[in-house]
Amino acid sequence: MEQLLKVQNFTVSSDGYGAGEGQSLERPFGHADPQTMVSWAGATASWPNRTDPGGTRGLDDYFTRDFAHNIGAEIMGRNKFGPQRGPWENEDWKGWWGDEPPFHTPVFVMTHHLRPSFTLSDTTFHFVDDDPATVLDKARKAADGKDVRLGGGASTIRLFLDAGLVDTLHVAVWPHKLGSGARLWESPDELLDRYHLEVVPSPSGMTHHLFWRK
């Protein structure tokens, strides 16, 4: 069976930004508040970090529950992995996620500044300086027959979209504007020459955009 490259649960503002300006260690999403942007997922019964019972069911919960289904590897950009830019000042930084990253698969971090792979719990991070097709080939081999998730950020997703490599996208649109930052699109219509699109509103106020190849 074909191994798909999938974008899942990627949240953008109503004007198409996946993160704000001024990303830093203190503000990973810049001037955007990630807790507000992704509260649709955090409110669901299937949110993996939930410590209390309850949570919503329905459409948002379905996407949250489906996030890890048949995923064998992840690809992400350097900006998603951490706030540093340029050469590594040191290699002590191991990502935002602590000792138990949420991926549970090999992760391929795209960067022009390589460093040795390392493992935290059941997640191994590999650092690669290759074109998108080569990175995808490496991720598919590591995924052992399962699909590959393209985790972001926005510029990395655009890179793979422009290379014609993305098979399916699920983009959750938050009903507020950011005005500036890392932009996925000006309008989802930009992808309609290559993808079918179904738009599904949720009671939470989010609008889920589902794309699949024509």
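## A tour from the sheet outwards

Start by selecting Lys-6: its bridge partner in strand E7 is Arg-149. This is a predicted model, so local features are given only where pLDDT is at least 70 and side-chain atom pairs only at pLDDT 80 or more, while totals for chains, interfaces and linings use all residues. Residues are numbered from 1 along each chain as its sequence is written, and side-chain values use heavy atoms, with hydrogens and water left out.

**The sheet**

Now show strand E1 (residues 5–13) and strand E7 (residues 147–152). They run parallel and are joined by two bridges. Element names follow DSSP runs, numbered from the N terminus: helices are H or I with at least four residues, strands are E with at least two. Two strands count as paired if DSSP finds at least two bridges between them.

Go to E8 and E11. Six bridges join them, and they run antiparallel.

Next, colour E10 (residues 195–201) and E11 (residues 207–213). They pair in the antiparallel sense over seven bridges. Glu-198 has Leu-210 as its bridge partner in E11. Move to the turn of this hairpin. Five residues lie between the strands, and Gly-205 takes a positive phi near 100°.

Thr-207 is the next stop, in strand E11. Thr-207 is partly exposed, at 23% relative accessible area; buried means under 20%, exposed over 50%, and partly exposed in between (1.4 Å probe, protein chains only). Leaving out residues up to four places away in sequence, Thr-207 touches Val-171, Ala-172, Val-173, Val-199, Val-200 and Pro-201. Contact here means heavy atoms within 4.5 Å.

Which residues of H6 are buried? Select Ala-154, Thr-156, Ile-157, Arg-158, Phe-160 and Leu-161. After H6 comes Gly-164, with a positive phi near 70°.

**The second largest pocket**

Show the second largest pocket, with about 220 Å³ of space. A pocket is an open set of points on a 1 Å grid over the protein atoms alone, where a 1.4 Å probe fits, with protein on both sides within 12 Å along at least five of seven lines; lining residues have an atom within 4 Å of a point. Grid points are joined across faces, edges and corners, and the volume is the space filled by probe spheres set on the points.

E1, helix H3 (59–66), E8 and E11 each give two or more residues to the lining. Which element gives the largest share? E1, with four residues. By class the lining has seven nonpolar, four polar and two charged residues. Ala, Val, Leu, Ile, Met, Phe, Trp, Tyr, Cys and Pro count as nonpolar, Asp, Glu, Lys and Arg as charged, and the others, Gly among them, as polar.

**Backbone stops in the loops**

Most residues other than glycine have a negative phi, and most peptide bonds are trans. Select Asn-70, in the loop between H3 and E3. Its phi is positive, near 60°, and Asn-70 is partly exposed at 33% relative accessibility.

Then pick Asp-144, in the loop between H5 and E7. Asp-144 also has a positive phi, about 55°, and is exposed at 70% relative accessibility.

End at Gly-153, in the loop between E7 and H6. The peptide bond from Gly-152 to Gly-153 is cis, with omega near 0°.
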